Amino acid sequence: MDNEGFRIPRRFVARDAVVDEVERLDKAIAAAAGEIAHHRETVAAELGEKYGAIFEAHLQMLQDSRLRSELEEMIRQRHYSPEYAVSRTLRRYAQVFQRLESSYLSERASDIFDIEKRLLRHLLGRRREGIAHLTSPVLVLAHNLTPSETANLDRRFVRGFVTEIGGPGSHTAIVAEALEIPAVVGTGPFLTEVSGGDLVIIDGDKGLVILQPDEEALARYRHEAEELRTLAAKLEPLRDLPAETLDGVRVQLMGNIEFPYEVDHCVDRGADGVGLYRTEFLYLGAEIEPTEESHFQAYSRVVLAMNDKPVTIRTFDLGADKMPNIPHFDDERNPSLGLRSIRLALRSLPVFRTQLRAALRATALGNLQIMFPLICTLMELRQAKMVLADVMEDLQEHHVPFNRDVPVGMMVETPAAVIMIDHFVDEVDFLSIGTNDLIQYTLAVDRSNKEVVGLYNPADPAVLKLIAMSIAAADRKQVPINMCGQMSGSPLYTMLLLGMGLRRFSVTPSAIPEVKNICRKVTLTDCQAVAARVMTMENARDVKSYLKEEVKKRIQAIVPE
Ligand code: PEP
Ligand code: MG
């Protein structure tokens with residue numbers, strides 16, 4: 001995708017259409033040149049000749065006869081469409097500039113992109129395609145995709161995506177898991193190296209993107225893909241078996257979902273419930289605020305499909321990288337520390353109440369529980385519970401059925417919540433550790449920032465200590481505690497978490513079979529020994545390499561990082 005989110009198509013032209021296509025190219029060049037000349041004059045008149053000269057340079061590049069003949073040759077000899085020829089050629093030019101040492105010259109690459117964009121706009125005219133109406137399989141390669149853009153990708157056709165920015169903890173990456181498509185985020189700049197139609201391999205497990213792979217790489221990856229399919233088929237019979245260790249400890253293995261349809265993925269994988277329903281995606285996909293009825297429809301679908309197994313509705317966790325289309329505060333410099341999540345809910349009471357009404361109504365249909373995100377202080381928890389109690393009164397007054405004893409819990413995803421955990425356990429029915437944010441706030445690393453991705457580490461001893469504290473406090477008061485951050489779905493950490501005392505895991509549905517496989521191949525005593533050893537370690541690297549070895553010893557399968 002280009003920077004404006006449009007597809008750069010690869011098309012070939014029929015032999016007898018070559019003359020017309022060259023003519024189309026010439027018309028586009030002429031139109032683009034007219035446009036640039038017009039800009040040059042306006043800018044020169046308003047700001048002076050010096051600034052007009054910027055466009056003069058563009059004009060010269062565009063009208064360069066070598067460029068024109070190179071494009072023509074691609075159309076005549078290789079039968080490339082003019083769009084494809086333009087994007088291939090100008091991207092190659094831009095690359096040459098980008099590689100130059102001088103920053104002044106390397107920045108000229110953006111002038112070339114400007115010309116490419118202008119030409120493509122004229123060539124494609126109104127036929128410019130986004131990725132909303134795909135008709136054949138594609139890989140999406142983009143500078144950035146927001147979580148809601150990702151959520152709107154058409155799963156039938158998008159076979160994988162890569163973004164130049166973002167981190168593995170971002171919701172864009174999380175949504176990729178929900179869609180069950182391979183993805184790599186935060187690669188850094190690479191879009192100039194590819195154009196539509198190139199052959200690309202996306203290796204989501206290793207975080208690799210291979211452009212124009214050779215035969216050997218292709219063969220290797222075809223083989224690996226086949227092995228992964230075999231592994232998935234091997235794990236399929238686990239569906240109806242319990243997640244139970246060799247020494248008989250039963251583990252609850254639930255699914256995380258973002259969209260109601262994913263409840264089917266949970267059922268297919270034999271999940272023990274939905275441990276986290278990220279309801280904010282209802283807002284992200286909508287132009288306007290969802291109505292009580294649309295909330296209710298979504299929750300009913302999930303609760304009924306789970307057939308009495310628990311479903312945990314997390315109230316909307318908007319803000320930071322999840323910005324809805326509905327009006328919001330957009331002048332935050334540091335949105336992860338800003339008005340997000342429960343803070344936003346408590347500041348937007350009518351929106352919050354609408355959601356709570358729908359969730360409470362859905363409690364009448366099955367086994368539903370309500371959870372508040374990003375709780376930092378007891379006051380916040382109490383306020384949220386007060387709003388809930390108030391909505392309950394309202395429903396009661398209107399004789400609307402709901403379960404007054406609905407379990408109410410909170411996420412543990414800030415160091416403050418862990419430090420005060422002994423107080424929190426007295427005021428909730430259950431807890432759920434959100435490691436994605438807990439890591440971000442404990443280690444002070446933005447989960448969506450590729451520059452600090454190396455510091456974003458679930459295995460960091462500081463994070464592990466906070467997890468251990470939370471589990472211990474919950475156990476003391478017999479309050480059920482779940483983990484629903486990405487860490488709980490990574491097979492690397494299953495033994496450790498079991499050994500630390502965790503008995504409830506909520507993971508992306510596709511990870512259920514692998515985590516269950518590990519649970520069924522280990523004993524608790526074994527896991528406790530592993531955990532005890534890990535808790536003596538001083539750095540994440542040691543923890544990771546030790547865990548990798550330990551898991552490998554017991555499981556003859558791939559252990560992704
Ligand atoms: C978390 O922070 O771990 C979590 C599960 O919530 P989210 O990823 O939606 O912030
Ligand atoms: Mg979170």
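How far is an oxygen atom of ligand 1 from an N or O atom in the side chain of Arg-314? The distance is 2.8 Å. This is a predicted model, in which local features need pLDDT of at least 70 and side-chain atom pairs count only at pLDDT 80 or more, while totals for chains, interfaces and linings use all residues. Residues are numbered from 1 along each chain as its sequence is written, chains are lettered from A and ligands numbered from 1 in the order in which they are written, and side-chain values use heavy atoms, with hydrogens and water left out.

Arg-314 is one of several side chains that approach ligand 1 through an N or O atom. For Arg-278, the distance from a side-chain N or O atom to an oxygen atom of the ligand is 2.7 Å, and for His-171 it is 2.9 Å. Taken alone, ligand 1 exposes 290 Å², and the protein buries 100% of that. Accessible areas come from the Shrake-Rupley method with a 1.4 Å probe, and for residues only the protein chains shown count as cover. In total, 16 residues surround ligand 1, the closest being Arg-278, Arg-314, Glu-413, Asn-436 and Arg-447. A residue is counted here if one of its heavy atoms lies within 4 Å of the molecule.

Glu-413 leads on to the metal. The magnesium ion (ligand 2) has Glu-413 (OE) and Asp-437 (OD) as its protein donors, at 2.0 to 2.2 Å. Donors are N, O and S atoms within 2.8 Å of the metal (3.2 Å for Na, K and Ca); water is not among the atoms, so sites may look incomplete. Helices (H or I, at least four residues) and strands (E, at least two) are DSSP runs, numbered from the N terminus. Glu-413 is buried, with a relative accessible area of 2%, and Asp-437 is buried at 2% as well. Buried means under 20% relative accessible area, exposed over 50%, and partly exposed in between (1.4 Å probe, protein chains only).

Asp-437 also takes part in a salt bridge, its side chain meeting that of Arg-340 at 3.2 Å, N to O. This pair again links distant parts of the chain, with Arg-340 in the loop between strand E8 (311-314) and helix H13 (341-347) and Asp-437 in helix H18, 97 residues apart. Arg-340 is buried because its relative accessible area is 2%. A salt bridge is a side-chain nitrogen of Lys or Arg within 4 Å of a carboxyl oxygen of Asp or Glu. Arg-340 and Asp-437 belong to a network of salt bridges that also links Glu-280, Arg-314, Asp-317 and Arg-447.

Glu-280 is buried, with a relative accessible area of 0%. Its side chain is joined to that of Arg-314 by a polar contact of 2.5 Å, and a polar atom of the Glu-280 side chain lies 3.2 Å from the backbone nitrogen of Asp-317. A polar contact is a pair of N or O atoms within 3.5 Å; within protein, one must be able to donate a hydrogen and the other to accept it, and residues adjacent in sequence count only if both atoms are side-chain atoms.

Two backbone angles deserve mention. Ser-341, in helix H13, has a phi near 60°, a positive value in a residue other than glycine. Leu-374, in the loop between strand E9 (368-372) and helix H15 (378-397), has a positive phi near 50°. Ser-341 is buried at 0% relative accessible area, and Leu-374 is buried at 0%.

The structure holds 42 salt bridges. One of them joins the side chains of Asp-26 and Arg-68 (2.6 Å, N to O). That pair links helix H1 (residues 18-47) to helix H3 (residues 65-78), 42 residues apart. Asp-26 is partly exposed at 31%, and Arg-68 is partly exposed at 23%. Lys-450 and Glu-451 form another, at 2.5 Å, N to O; Lys-450 is partly exposed at 23%, whereas Glu-451 is exposed at 60%.
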